[in-house]
Structures are given as C-alpha cells and as structure tokens.
Amino acid sequence: GGWVLLQNCHLGLDFMEELLDTLLTAEIPNDTFRVWITTEQHLKFPITLLQIAIKFTNEPPQGIRAGLKRTFSGISQDLLNVSNLPMWKPLLYTVAFLHSTVQERRKFGPLGWNIPYEFNSADFTASVQFIQNHLKKIDIKKGISWNTVRYMIGEVQYGGRVTDDYDKRLLNCFARVWFNENMFDSAFCFYTGYKIPVCKTLEQYFDYIQLLPAMDTPEVFGLHPNADITYQKNTSADVLDTITNIQPKESGGGSGETRESVVYRSAEDMLEKLPPDYVKARLVKMGALNSMNIFLRQEIDRMQRVITVVRTSLNDLKLAIEGTIVMSENLRDALDNMYDARIPQVWRRVSWESSTLGFWFTELLERNDQLSNWIFQGRPKVFWITGFFNPQGFLTAMKQEATRAHKDWALDKVAVHNDVLKLTREEITSSPSEGVYIYGLYLEGAGWDKRRSILVESSPKILFVQLPVLHMFAVDST
C-alpha cells in the first residue's frame, strides 16, 4: 500500500515503456498503492501511460491578488512573529509582492521576460530566510544594509535563475525601487492602490489582499497598458489554434466544396505565382569573391531550397489529391495546414515563421524580388534586412567590406554602428558612401519620435512602430 515517486521522467522515456508494462501486468494486492510521476512536456512521452493516469499541474495563480493569497497561505503566524523589528513585516510583504510580480510577468511573453524563467516558492523561501538572518545580525543604529539586500535578491536568490543581461537589469531595477528606506513610509506604494499593509495577524493580511483588484493593469508590473492587448491577443490565438487543431479533418457529406478541391485550387494558384529557379552563372559575373556577393550567394541557395521544396510538395499534393500517388504524412500535414491557412511543417522547417499562409507566401515573393533585383539590377540602395535568412551575416559582410576598403583596419577590431535617419525608404535616392541603408525594423514596447530621433513611450493601442531607414556602418574601435 505504499507510494512510489518517480521524478523528471522525461529524462528516462525508455523506462516509461517498461513501467507501463509493469503496471498493466503486475498483480497489486493493495488498492492504496500509487505511482506518482513528475515530468516536463515531451512529444515522445508514451501516450498510453498518460491515458491511464490522472493528470494535474501546479500552475502559478493569475493576478497579484491570487499570487499573494497563495504565498501567504504558506506562511505561518510563527513566521510573522519571528522578529520584533518593525522592518520585518513590510520586508516580508514586499518579497511576496515581488514573487507574484516576477511570476505574473511571464504571461506577457518577451515583453515580460526575454526568457521565461521557472521562478518558484523555493526562491521566495530562500529570500525570506536571508532577510530573517540579516535582521538578526544588523546593528540597530546603522540599520539595514540595503545594498546587501538588493544584491542577494536581484543577483542571487531570484537573479541566480536569470541568464539574460536585460532580464537581470530589470530584476535589479525592481530591487532598487522597492527595497530602500522609502518602503517604510506610509505614502509608499508599488503602484496606485497597491500599498504595504500594516498588519499583525495572517487574517488581517488576507483581509487586505482580498480588497486588491481581481484584474491587474500591466502598469502594476512596470509594463505599458498595451502589453495587455498583446497578452489577450496571444491568448485568443492559442484558443482558436486549439479549436482548429481538434476539428474533424475528414470531408463532410454536405453539398459544399470539399477540403481537397479548395486546397487543389490553392496549390495551382501558388504554383502559377511561384518564381523560377535561380541562374547561378550571373553571380560569377558579379564577382564571386566579394564579401557581399558571397552573402548573396548563401541567401540565394537558401531561397532556392525553399522554392524547390514548395514546388515539389505542391505538385505532389496535387497528384495525391487526384489519387495518382499515395498521400504521405507530410502531404496530409500540408493538406490540413493549407486548408486552415497555416504553413505546412515541411515548408516552415526550411523557411521562416509567419502568422498565416497568405502572409508567408507574399513574403516569399517579396524576399525573392529583393534577391532577383540585386542580381539583375545591381546592388540595392536600401536593403530590406528582415527579408534575409541571416541578417547577422549581412552585417558581417558589410564589416568585411569596410575592412577591405581601409587597409589598416583589423576585422576583429571593427564594430557596427548605426544612425536612425529621418528618411523613409522611398526618400532614399542613392547608396551611402560607406556602410548600407536598411529598413524593415519595428519597435515593440516603445514608440519613436522622428523629429528628435529618440525612443518615447508607446502610444495607446499601437503595438508596433516602424523605424525609419537606418544607416549601418563600421568603425575601427582600436
């Protein structure tokens, strides 16, 4: 009648098959026997084992109010009374508020954290233990060493999980603004309406937390109100994607056009518009060893691969729909995705992400136009940098070009700089004397003041702002 706990089972998938056989064949005399399994999501996890299991997940609650409730439900009255110093309870509440904030920011995607970190109750417990120990050792006359507290929270307890420099900077910003002498001021608040309560018992804390708003504005977490639009949009897209994925894939018995005929017509339309294969001989005439031309050849090779894959799969799909060849798994995936206006897996593997099939195919034609014009009409005056497979390689080629033009420059000492111009793509009439002009970059989470050429706060309900043309050039940093 005992319990068995197997942890991190996604690391031992072979044993999961063995475990399944054991559970199905073994005679277990005691009904109270249980096997507990912890695992991360994994595509190859045995489906049969999942089907016979009761599944549950322990997700952080949504919102500051729910997060604080959960955090304080793990705190005892003894912990509240552990110190007689007046700084203890405000510090404890502030760490709990920070804990809810760092978890809640994850739902905003890259606007919240560049990398979604698994902050958990162990981080909170360790931070509380540190503050408890620190208060025991402090000299009352000197007071709290705020630099120590901020360092331990921003760099060690929570910061120890953070690997991105900008995420670390954000976490240290929270620590700097919230953990200082001002937090003991009665006027201090994390955001309007979010104060540090003065309470003596857990019940008083729960009563105060219950009065907090059920829905928080993104500004509570230091984000612009536009962040909520992005979150709601992504949530809606996930729900609609799920609905699309579970809808029946077989053709119905109605009199309307079948899925196959819709996709067949779409495939014919795409094949008509698909650009022809590239002629490599033209590149040799342009100067095969020029650094920009080497980059162009690499881009053309990848674009040619995309065109070939698309043409082959569309032709095969037409034959499969006609019944001439067998409908393979890849063709079935292409049929389902094209009917739902999504990009087939086999295309996405060799190309780029896009929201719909229509946008993806339009981008294919536009990317192809830029490369074709570069070959046949000469180097563009302004480059669409987001239309390249390897934008970093393009900037490296530009650095190599500058290094060759200045004989005394060393490539490893050359740095890329940029100036944001006040011109749009249409207003550019000639190439720069050095470097390149680029366009196609957007800002998310900020606005752009063209007159002063500086970053500004986002305008309400405007999520993306297109930057003007940028002049990218190389400078010798020695």
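Predicted model: local features only at pLDDT ≥ 70, side-chain atom pairs only at ≥ 80, totals over all residues.
Biologist: Which residues does UniProt list for "domain: Dynein heavy chain AAA lid"?

Modeller: The unreviewed entry gives residues 88–227. Over that range the chain is 51% helix and 4% strand, with 34 Å between the end C-alpha atoms.

Biologist: Which domains does the domain assignment of the chain give?

Modeller: The assignment gives domain 1 (3–52), domain 2 (64–226), domain 3 (258–379) and domain 4 (381–477). Taken over C-alpha atoms, the centres of domain 2 and domain 3 lie 51 Å from each other.

Biologist: How are two packed helices described?

Modeller: One gives the angle between the two axes and the distance between them. Take helix α5 (residues 88–104) and helix α8 (residues 165–178): the angle is about 150° and the axes are 12 Å apart. Because of that angle, α5 counts as roughly antiparallel to α8. Their crossing is right-handed.

Biologist: Which residues of α5 and α8 make the contact?

Modeller: From α5 come Thr94, Phe97, Leu98, Thr101 and Val102, and from α8 come Leu171, Phe174 and Trp178. Sorted by class, this contact has six nonpolar residues, two polar ones and no charged ones.

Biologist: At what angle do helix α3 and α5 pack?

Modeller: Helix α3 (residues 64–73) packs with α5 at about 125°, and the axes are 9 Å apart. The angle therefore makes α3 oblique to α5. The crossing of α3 and α5 is right-handed. On the α3 side the contact uses Ile64, Gly67, Leu68, Thr71 and Phe72. These meet Tyr93, Ala96, Phe97, His99, Ser100 and Thr101 of α5. By class, the contact of α3 with α5 has six nonpolar, five polar and no charged residues.

Biologist: Is the crossing of α11 and α13 left-handed or right-handed?

Modeller: It is left-handed. Helix α11 (residues 259–273) and helix α13 (residues 291–322) pack at about 145°, with 10 Å between their axes.

Biologist: How many nonpolar, polar and charged residues are in the contact of α11 with α13?

Modeller: There are eight nonpolar, one polar and five charged residues. Among those of α11 are Glu260, Val263 and Tyr264, and among those of α13 are Arg311, Leu314 and Asn315.

How values were computed:
Residues numbered from 1 in each chain as written. Heavy atoms only, no water. Axes fitted to C-alpha atoms, helices over the stretch in contact; angles between N-to-C directions. Helix = DSSP H or I, 4+ residues; strand = E, 2+ residues; numbered from the N terminus. Left-handed = near helix turned anticlockwise from the far one by under 90°. Contact = heavy atoms within 4.5 Å. Nonpolar A, V, L, I, M, F, W, Y, C, P; charged D, E, K, R; others polar. Parallel < 35°, antiparallel > 145°, perpendicular 65-115°, else oblique. UniProt positions renumbered as here; feature names shortened; annotations may be inferred. Domains from an automatic or database assignment.
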